[in-house]
Amino acid sequence: MLVYTIKRFFEMIIVFFLFLIISYLLFNAIPGNAFSSLLLNPLLPPETYQRTIETFGLDKPLFERIQLYIINFFKGDFGYSYIYYPRTPIELIAERLPRTLMLFSIVNVIAFYTGFLVGKILAWRRGSKSETWITIGSVFSYTVFYPWFALMMLWFFGYKMGWFPLGKFLVPEKWYDSPYSSDEIFYTLILFTTVTSVFLFLIFIFTRNIESLQSRRNSRFVGLIILFIISAIYWSNGEASLQRFYAADIAYHMILPTFTVTLVAFAGTALLTRTTMMEVLKDDYILTARAKGLSQKRIRDRHAARTALLPVVTSFIFTIITIIDGSVLTESIFSWPGMGQLILEAVTREDIPLAMASFSFIGILALIAHFIADISYAFLDPRIRVKVEN
Amino acid sequence: MSKILLEVKNLSMHYDTLEGNVEAVKNVSFNVNSGESFGLVGESGCGKTSVAMTLLQLQPENSIITEGSIKLDGKELVGLSENDLRKVRWDSISIVFQGAMNAWNPVIKIGEQIREAMREHYPQNSKQENINKINELFRMVGLDESISERFPHELSGGMKQRAVIALALSCDPKIIIADEPTTALDVVIQDQILNEIKKVQNLLGLSLIYISHDIAVIAEMTDKIAVMYAGSIVEMGPTKNVFTSPKHSYTRALLDSTPSIKGEKKKLRSLDGEPPSLIDKIDGCSFAPRCPDREISCNPTEHMSLIEIEPDHYVDVCSQGKI
Amino acid sequence: MENNNQDRDIKATLKKNWILFKQSKLGMTGLGIVIFFGFLAVLQPILFLTNVWDEGVYHPVVGYDAEKVARTIVECPDQYPTKDYQTREDCPKVDEVNIRYLKAFNIDGDVGDIYESNVQPAPPSRKHILGTDSLGRDIFSQIMEGCQVAFVLGLISAIIGVGISTLLGTAAAFYGGALDTYLMRQSDLVLMLPSLPFLFIISAFAELQVWHLAVVLGTLGGLGGSVITIKSQALQVKVKPFVDSARITGGTRRRIMFSHILPNVAPLALLYMVFSVTGAIASESVLSFLGLLNIDMSWGIMIYLAQTEGFIFTGLKYWWLILPAGLSVTLLAGGFYLVGRGLDDVFNPRLRRR
């Protein structure tokens, strides 16, 4: 087991290394460089371009540059962004990442939950009329042309109905005399959301062992109410009461993107859940559960869905990597200044250090996601858990 | 005269498949008294398991019960709503399935899987009461108490099968269906499990419906048997009578094909041909094409129905003439 | 003789699968959608060749047709609401033109006169079933052109992708060892690349034609996650008894791989192929939508044009510029998805109902 893990670890490092090199070569292959536009400016003397190139080391041979980059990378030095000089890629990512993270973690949690719920219902109500319609809806949202759909949503809810803002993540007018920067508020929001979800999770875990179904439901309900009251108290006291106004502004701007992306993102999970769940429903222990006289809901949730969860979770974790992909489109349509826009900018303007840093960040994220997928597989399936323990 | 617990009357059921209708159960009637053990024997695919599933109303989606009634303790089960059936299942009638390997949900602990059935039927019980009862049941079937906290894959096949028996007993049913409970096990374990079932049945005074293709096991386990062929019962009666003086040619063929350790050596006979496909509706005697006594026998076009030839001993009408 | 039998077997299997497929209503719907769009794709060249459509008018890229429309000249009031108009947006109505607008272009006319002008984009009419775009090009013809692009791209990339992943996946399962490790890590690497930014880069150093994109998408898809899935399927086939018996009777490795393992992986591969068409169509549309492709016309480009020219936020007033293209992408991708699902029901007995 240990040998396998170590082997796997080294393979991962090699893969990451290759990933870095390939990315660098790709960026380098784009014709021109970040400073080509200087040549187009007739007012600048030609030496300026030459000197800028030298300053950023772009005149060195490709091999040397890659070598330097990788050495510096493992020293933790990512250089400076060309277009945002003198800021470093790390600073830029640290600024943009929370915004993307905030939006997409909420989207993913909601999308996963609703997707799983819908998939469960689809498999359970097989052959009914509602199944057909829900399937058609899910397939529509699974295959809908996303930018088009997002624009239509933006037009309808933002423009026609005027319910939501047309983009951006805050109203600048409100923030002129703000004592806080938007990043601070973002951190507060992220912290709040994380703590709340941890508590939600804890409530769920602790009530799991209550024997009677009735009192389990009741205690969960009470827990939810207490959590709600606590968060209300939090937002009306101390510093949070001052931040409330700004946090609300950001939250308001998040509603439409969240809703739109969730509508598109839930379908993948729903359709996959349906398939795996239908396979599980053919298993013998479902028959046992029915013979035991369990309620339909319990058979569905506890027996069928629990087993069907496994492949769904794994594939979900794999798709977390595609968040970045999705964020590129979403962020440019909703003018949400997050990672996606940063990458788009870095790639189109050939800001190699920034693009490399973003790409390697995604790469590390992907590797971690693969790792989590393995772990969660073991966590959810006792058959594998035992193998790992021994 | 003990009272009739389960009464099945003129039960017919078919499966709606792509190839056509498969008539799996044709006009089956039998009674099971309380405390009695009843055997259902026949070749693979003769409709034994279909009958078992119908008794619990657990038949697959594509099956249709065309006629007949199943009365458990005077209560009609056919056409009962899923919600009412839930109360009957496990509480009055429970089942030990063919493959115990797959009867357990792989991701839930054994004890929890038993407890959830008890929670459903005895909501007033505390967790400790349930645990105590499970421990008692485990002792009864010869299992260690620690099994409760294990996952199914950590158990051997025999242990799983014993646990399934404990599961079947957990809600004090009046009647247990054992659908080939020992097929997947080796002979030694098989024997232990059979003894366990018998012991428990006597101890608790349950009725038992034992389903098997193994005529030797049936002989050992049951008071009364029914022989099934191609979806119908061809002979039914007290086990002793049926074994000593089989009346139907199929029963005789079945007995002839089984070796016996005691008694005189005799040549084993096997039947030619295969059981008929159940897709096409068969008029008259479905056994006629394979019947060794065809020449001397009856009118094969005559419709099947059971005639009582001795007290409690019924035989298919087409064999009746030649005895 | 043996061949004849085999042919008959294949025919029987196909027939049985077709019967199973027909059971799935959604699968049949999907097939219907795909056939409908396929018909549209083929129809356009036929219309041009038989001269039913004049290329000068109906060509999706260079065609031009000025639709004349007579409008009444009105003067829009300064204050709203008035008797005729509720809000500022209501004036002028569809069959009216504001006199101030004409004056701005130095066109003479009085209130109440009829003013005849070209309308572009023109609303649907008998001549142009789906109207024209802002350059006077027929939308229906553009949709048909988009069909051709979608089919060519979707099918080519799916075939390339599935071809690669089937070969590599089977090889990884069959040979194992270093080859397996290499292929698995390679697909890890491909999975790590964020595909959209990657395609940006590709499009930056090569002007992408349709078939370039098809090759790129097919290769990316073929090297990525599907290798892993195909491999696991092939591993299941590899341990089946008939493979062992083929080995014992002295089949060469290559023969075993091609005549025993591949045919059994084929259904899954076919399934993947159909599903990956969905992805390819979506990718193409996104890239055209972002203006990164070097092609003349496609559904993505139609939406790109509608958006850059500002028609999206006019909502449903110019619906023929927005809805047909967007819905075509969605419908065709959905159609392929549904066909895939129908096939899933055929090949996966555990999903079947009976």
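**Reading the labels**

User: Where in chain B does Asp172(B) lie?

Analyst: Asp172(B) is in the loop that links α6 (157-169) to β7 (175-179) of chain B; helices (H or I, at least four residues) and strands (E, at least two) are DSSP runs, numbered from the N terminus. Residues are numbered from 1 along each chain as its sequence is written, and chains are lettered from A and ligands numbered from 1 in the order in which they are written. This is a predicted model, where local features need pLDDT of at least 70 and side-chain atom pairs pLDDT 80 or more, while totals for chains, interfaces and linings use all residues; side-chain values use heavy atoms, without hydrogens and water.

User: Why is Asp172(B) called partly exposed?

Analyst: Its relative accessibility is 46%. Buried means under 20% relative accessible area, exposed over 50%, and partly exposed in between (1.4 Å probe, protein chains only), so Asp172(B) counts as partly exposed. Asp172(B) also has a positive phi of about 50 degrees, although it is not a glycine.

User: What makes Glu350(A) count as buried or exposed?

Analyst: Glu350(A) has 15% relative accessibility and therefore counts as buried. Glu350(A) is in the loop between α15 (339-348) and α16 (352-380) of chain A, and its phi is near 55 degrees, positive in a residue other than glycine.

User: How do you know that β1 and β2 of chain B pair?

Analyst: Two strands pair if DSSP finds at least two bridges between them. Strand β1 (residues 4-17) of chain B and β2(B) have 10 bridges, in the antiparallel sense, and His14(B) stands opposite Glu23(B) in β2(B). They belong to an open sheet of four strands, ordered β2-β1-β4-β5 (chain B). There, β2 (20-33) and β5 (75-76) of chain B are at the edges with a single partner strand each, so one side of each has no neighbour in the sheet.

User: Why is the meeting of Lys292(A) and Glu116(B) called a salt bridge?

Analyst: A salt bridge needs a side-chain nitrogen of Lys or Arg within 4 Å of a carboxyl oxygen of Asp or Glu. For Lys292(A) and Glu116(B), the N to O distance is 3.2 Å, so the pair qualifies. Across the interface of chain B and chain A, the rule finds five salt bridges.

User: How many Å² do chain B and chain A bury between them?

Analyst: The value is about 2,600 Å², 56% of it on carbon and sulfur atoms; buried area is the accessible area (1.4 Å probe) that two parts lose on being put together, summed over both. Val107(B), Glu116(B) and Arg119(B) supply 22% of the area that chain B buries against chain A, more than any other three residues.
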